[in-house]
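Trainee: I've got a model open on my screen and I'd like to learn how to read it. Can you walk me through some features, one at a time?

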Amino acid sequence: MRVSKRASAVAAIAAVALVAAGCGGGDDTEENSGNADKTANGAITIDGTQPANPLLPSATSETGGGDVLDFMWTGLINYPAGGGDPVNAVAEDIGTTDAQTYTVKIKKGIKFHDGTEVKAKNFVDAWNFTAYSENGQQQASFFSDIDGYEAVHTEDPDGEEGPQKAPKPTTDKMSGLAVVDDYTFTVKLAAPNSIFPVKLGYSAYFPMPDSFFAAADKNEWGKKPVGNGPVKFVSWTDNVEIKLTRFDDYTLDDKVKIKDVTVKLYQEDTAAYAELVANQLDFQQQVPSSSLAGEKWKADLGARGLTVDIPVMQIIAFPIYDKRYQNKDLRRAVSLSINREEIASKIFFNTRKPATSWAAPGTLGATGFDCTTCKYDPEAAKAALQAAGGFEGEMVIYYNADASHKDWVEAAANSVATTLGIKVRAEGMPTFAVFRQNIDGKKMTGPYRAGWQADYPNGENWLGPLYVTGASSNDGSYSNPQVDALYQEGSRLADEKAAEAKFAEAIKIVDAEVPSIPIVSVTQQSGISNRIAPSVKTNWVGSIDLSTVELV
């Protein structure tokens, strides 16, 4: 799952207030405010999972690490909790006259956690580092719109398994980036792009301090990272906790009132839930699916139970690098054989909706993203399997066992087995970190549980990072030249509606080839402890907004 806790500089997507189920949102009245002294010296514990990689914005595209990055860093733009128009954060101004060349002015006096000032070069150097293919950073494709990207980023001509290697880039700096002065830089794109400003709050675009570039071992640096956000790093004990503390020199509007934050890294979400119910955990972003039956979570938590709409879908992805899954008819057969209505009602007790699109409901610019294989059609599924020549052996659908995925993945596996008459079972991997290591290493030997949380509010985000050849989260190695070409055409249009039409054309090809399977769209059920003031809020993707946390 991709992660971002920032939103668009140009698209208005409302942040969501964290409210008690069935109740209105909080306000600034005495009833909803916290105890200022207790808050200023207080500490909270929230749930998390072990990051798959060191804490580097350039190399993190999953929520375990991404949540922590978004607490520790602030990008060019931010989206205020509680809704309203998007606002500049580190950026003083982002201007353009032609949707191709952008001038970015940043605010003076913003500091990294090591006390050094954030300057224009910290953005330019970070973007060049991420894009340079010799550095092997997962987020590189986010810079493909910038002029000169092809010179810094070369591709392996025969893939990771082939004998050839990618040629060395001719330079390590994109020609489209230029530092004008300490607080100004320009970005020239290869062509006009109406979508580009929407992306600039995502973590791939965060600035990096000089100490990062001076570090001989970047991964070691990422184990004790230095950001520029409202909280700073204290310590990280693998599979136990990550400790953060307030950065008192932070000057932007989303300053944190609470002193200390511990992200407890759980192997089982049921363990986190038990501690939440007992008021030993202060925030759980998603309660276990087992607590949804009969609305048990509402009975357990009362006014501490929270419902939040978020742009997230649960997906089953295919390892297309495995020859057994390279037949699109087979993939189509699997998709058509899954009863999403039954999963939504019996596993998630109607807190999820069966997927009908390749993007989450309500996504801007996602008109025409219909998923034609998301319906349950046993006869069509059997016909597709026959067209594929059947399936030999056992199909194993994998999931990470440290979150509530077992029940719905097993239900999907049973549905496929019953409908198609083949051997299918679900198998858990112990932790999300291990799970992601296998995915990132292209070592999956069967379909696997995936998910997508929007990085920014536009339909392009449900196409480009997932289904364009070599894209940052194209984990299954899907590739289609027509999809790539249509995506490039759309990305290089100054007119947003024309761009969306090209993306919709590309999605029609994706829909026909079924590189993954949308299963359900997600509504988040969260909880807070009785120590947290009910005025607390989340941002648009459902993560706790630390700047709104007060203790009572």
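This is a predicted model: local features need pLDDT of at least 70, side-chain atom pairs count only at pLDDT 80 or more; totals for chains, interfaces and linings use all residues.

Trainee: How far apart are the sulfur atoms of Cys371 and Cys374?

Mentor: A disulfide is a covalent bond between the sulfur atoms of two cysteines. Here, the sulfurs of Cys371 and Cys374 sit 2.2 Å apart. The count for the model comes to one disulfide.

Trainee: On to strands. Which strand does E1 join, and how do the two run?

Mentor: The general idea is that strands of a sheet pair through backbone hydrogen bonds, either parallel or antiparallel. In this model, strand E1 (residues 43-48) runs parallel to strand E10 (residues 260-265), and six bridges join them. To find your place, look for Thr45, whose bridge partner in E10 is Thr262. E10 also pairs with strand E9 (residues 241-246), this time in the antiparallel sense and over five bridges. There, Glu241 stands opposite Lys264 in E10.

Trainee: I clicked on Asp47. What does Asp47 touch?

Mentor: Asp47 lies in strand E1. Not counting residues up to four places away in sequence, Asp47 touches Val263, Lys264, Tyr266, Ala272, Leu281, Phe283, Gln284 and Gln285. Take Gln285: it is 238 residues from Asp47 along the chain, yet their C-alpha atoms are separated by 7.1 Å. The side chain of Asp47 also reaches the backbone nitrogen of Gln285, at 3.2 Å.

Trainee: What is the strand order in the open sheet of four strands?

Mentor: The order is E4-E5-E7-E6, and the pairing is antiparallel. Strand E4 (91-96) and strand E6 (177-181) are at the edges with a single partner strand each, so one side of each has no neighbour in the sheet. On average, neighbouring strands here are turned by 20° against each other, direction ignored.

Trainee: Which strands does helix H3 lie across?

Mentor: Helix H3 (residues 120-131) lies across E5, E6 and E7, and runs at about 170° to E6.

Trainee: Now helix ends. Which residue caps the N-terminal end of H16?

Mentor: For a cap, look for a side chain that reaches a backbone nitrogen at the helix start. Asn480 does this for H16, with a side-chain oxygen 2.8 Å from the backbone nitrogen of Gln482. At the start of H10, a side-chain oxygen of Asn327 comes to within 2.7 Å of the backbone nitrogen of Asp329.

Trainee: What do the buried residues of H16 pack against?

Mentor: In helix H16 (residues 481-491), the buried residues are Val483, Asp484, Leu486, Tyr487, Gly490 and Ser491. They pack against helix H5 (196-199), helix H15 (464-467) and H17. In helix H10 (residues 328-336), the buried set is Leu330, Arg331, Ala333, Val334, Ser335 and Leu336. Their packing partners include helix H11 (340-347), strand E14 (394-400) and helix H17 (496-513).

Trainee: Which residues of the largest nonpolar core touch the most other members?

Mentor: Those are Ile338, Phe369 and Leu463, in a core of 85 residues. Leaving aside neighbours within four places in sequence, Leu463 is in contact with Val468, Val483, Tyr487, Phe503, Ala506, Ile507 and Val510. A second, separate core has 77 residues, including Leu56 and Phe112.

Trainee: Last one: what is the phi of Asn279?

Mentor: Asn279 has a positive phi of about 60° although it is not a glycine. You'll find Asn279 in the loop between helix H8 (269-277) and strand E11 (283-284), and at 23% relative accessibility it counts as partly exposed. Glu295 is another non-glycine with a positive phi, near 55°. Glu295 sits in the loop between E11 and helix H9 (296-301), and is partly exposed with a relative accessible area of 45%.

Definitions and conventions. Residues are numbered from 1 along each chain as its sequence is written. Side-chain values use heavy atoms; hydrogens and water are left out. Two strands pair if DSSP finds at least two bridges between them. Buried means under 20% relative accessible area, exposed over 50%, partly exposed in between (1.4 Å probe, protein chains only). Contact means heavy atoms within 4.5 Å. A polar contact is a pair of N or O atoms within 3.5 Å; within protein, one must be able to donate a hydrogen and the other to accept it, and residues adjacent in sequence count only if both atoms are side-chain atoms. Axes are lines fitted to C-alpha atoms, for helices over the stretch in contact, and angles run from 0 to 180 degrees between N-to-C directions. A disulfide is a pair of cysteine sulfur atoms within 2.5 Å. A nonpolar core is a set of buried Ala, Val, Leu, Ile, Met, Phe, Trp, Tyr and Cys residues joined through side-chain atoms within 4.5 Å.
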